[in-house]
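I opened the notebook to record what I looked up in this structure, entry by entry.

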Amino acid sequence: MKKHLIILGILFVGTALAHSSIRSAQANDAKGTPRTDLSVFPSEIGGYKQYRDDLEIDKNVERLLLTNNVLMRHYVTPNGQIIYLTIVHAETVRSDLHQPEFCLVGQGFEIRNQYSAPVGILFRGKRLVLEQADQKQVVLYWYKTGPELTDNSMLNTWYWMRHKIFSDTPPSSSLVKLSMNVGKSGEQASFKTLEDFAAKLLPVLMEELP
């Protein structure tokens with residue numbers, strides 16, 4: 001029993017030191033890092049057109065995300081549906097990225113289903129089915145660090161640490177989230193729409209967020 005407690009203590013200290021090192025590295029990276037202007041994202045992406053002006057970030061959301069470098073924009077699909085695009089850009093500071101589930105539950109949504117699935121042959125994205133009163137939404141999100149794309153927050157942290165150790169200039173990290181209301185065609189049709197938009201958005205992400 002005593003041996004087990006000692007091992008747990010060593011693991012706890014090691015985890016704390018690793019976390020402290022990551023925070024320190026992130027703070028150093030943040031100093032002097034030029035801010036990326038997310039508003040330069042195209043107003044039309046593969047037939048999806050911007051709808052109205054970009055939304056302003058709420059102060060409460062800003063405090064929760066620890067950053068105000070966020071793009072919140074609506075795009076209209078070719079058949080008139082609305083897609084809500086959110087990009088939380090953390091530059092080289094990985095700690096700014098949170099799992100969307102926590103924010104969505106805080107906004108009053110109930111997560112009815114969640115799973116990971118391929119986005120075409122490009123990468124895997126996390127899919128959520130949400131309900132709030134009589135409203136149903138679907139969400140597709142993923143993380144991007146340099147060229148690496150994943151729906152796994154822990155794996156994205158590993159990508160960040162790997163680039164931090166082996167690259168002269170660590171890449172930026174971002175959370176990309178797409179969502180839309182579920183129409184008469186159902187959840188799967190809505191997910192296909194989000195997947196199509198994601199495929200057209202990806203080249204823009206690779207160019208604007210290296």
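How many bridges join strand β3 to β4, and do the two run parallel or antiparallel? In this predicted model, I found seven bridges between strand β3 (residues 70–76) and β4, and the two strands run antiparallel.

I then followed β4 to its other partner in my notes, strand β9 (residues 173–181), with which β4 pairs in the antiparallel sense over six bridges. Within that pairing, I87 has V176 of β9 as its bridge partner. I also checked how covered strand β4 (residues 82–89) is, and six of its eight residues are buried.

Next I looked at backbone angles in the loops. R52 has a phi near 65 degrees and is found in the loop between β2 (48–51) and α2 (59–65). A133 is not a glycine either, yet its phi is about 55 degrees, and this residue is found in the loop between β6 (123–132) and β7 (135–145). Are these two residues buried or exposed? R52 counts as exposed because its relative accessible area, 63%, is over the 50% cut-off, and A133 is exposed as well, at 80% relative accessibility.

For the rings, I searched the whole structure and got five aromatic pairs. One of them is Y75 with F197, a tilted pair with 5.3 Å from centre to centre and 45 degrees between the planes. Y75 is in strand β3 and F197 in helix α5 (residues 187–208), so that this pair links distant parts of the chain, 122 residues apart. Both residues are buried, since Y75 has a relative accessible area of 0% and F197 likewise comes out at 0%. F123 and W142 form another tilted pair, at 4.9 Å between centres and 50 degrees between planes, and here F123 belongs to strand β6 and W142 to strand β7, 19 residues apart. I noted F123 and W142 as buried too. Y48, Y75 and F197 form one aromatic cluster.

Turning to charges, I counted nine salt bridges in the structure. In one of them E131 meets R112, with the closest N and O atoms 3.0 Å apart; because E131 lies in strand β6 and R112 in strand β5 (residues 110–119), the pair ties together parts that are 19 residues apart in sequence. E195 forms a salt bridge with R127 at 3.2 Å between the closest N and O atoms, and this pair ties helix α5 to strand β6 across 68 residues of sequence. E195 is partly exposed at 22%, whereas R127 counts as buried at 5% relative accessibility. What else does the charged end of R127 sit over? I found this end over the ring of F191, 5.3 Å from the ring centre.

My last entry concerns E187, which forms a salt bridge with K136, the closest N and O atoms being 3.2 Å apart. E187 is in helix α5 and K136 in strand β7, 51 residues apart. E187 is partly exposed at 26%, and K136 is partly exposed at 28%. I close with the network of salt bridges that links E110, R112, E131, K136 and E187.

Definitions and conventions:
Residues numbered from 1 in each chain as written. Predicted model: local features only at pLDDT ≥ 70, side-chain atom pairs only at ≥ 80, totals over all residues. Heavy atoms only, no water. Buried < 20%, exposed > 50% of the residue type's maximum accessible area, 1.4 Å probe, protein only. Helix = DSSP H or I, 4+ residues; strand = E, 2+ residues; numbered from the N terminus. Pairing = 2+ DSSP bridges. Phe/Tyr/Trp six-rings, centres within 6.5 Å; stacked < 30°, edge-to-face > 60°. Lys NZ or Arg CZ within 6 Å of the ring centre and 35° of its normal. Salt bridge = Lys/Arg side-chain N within 4 Å of Asp/Glu carboxyl O.
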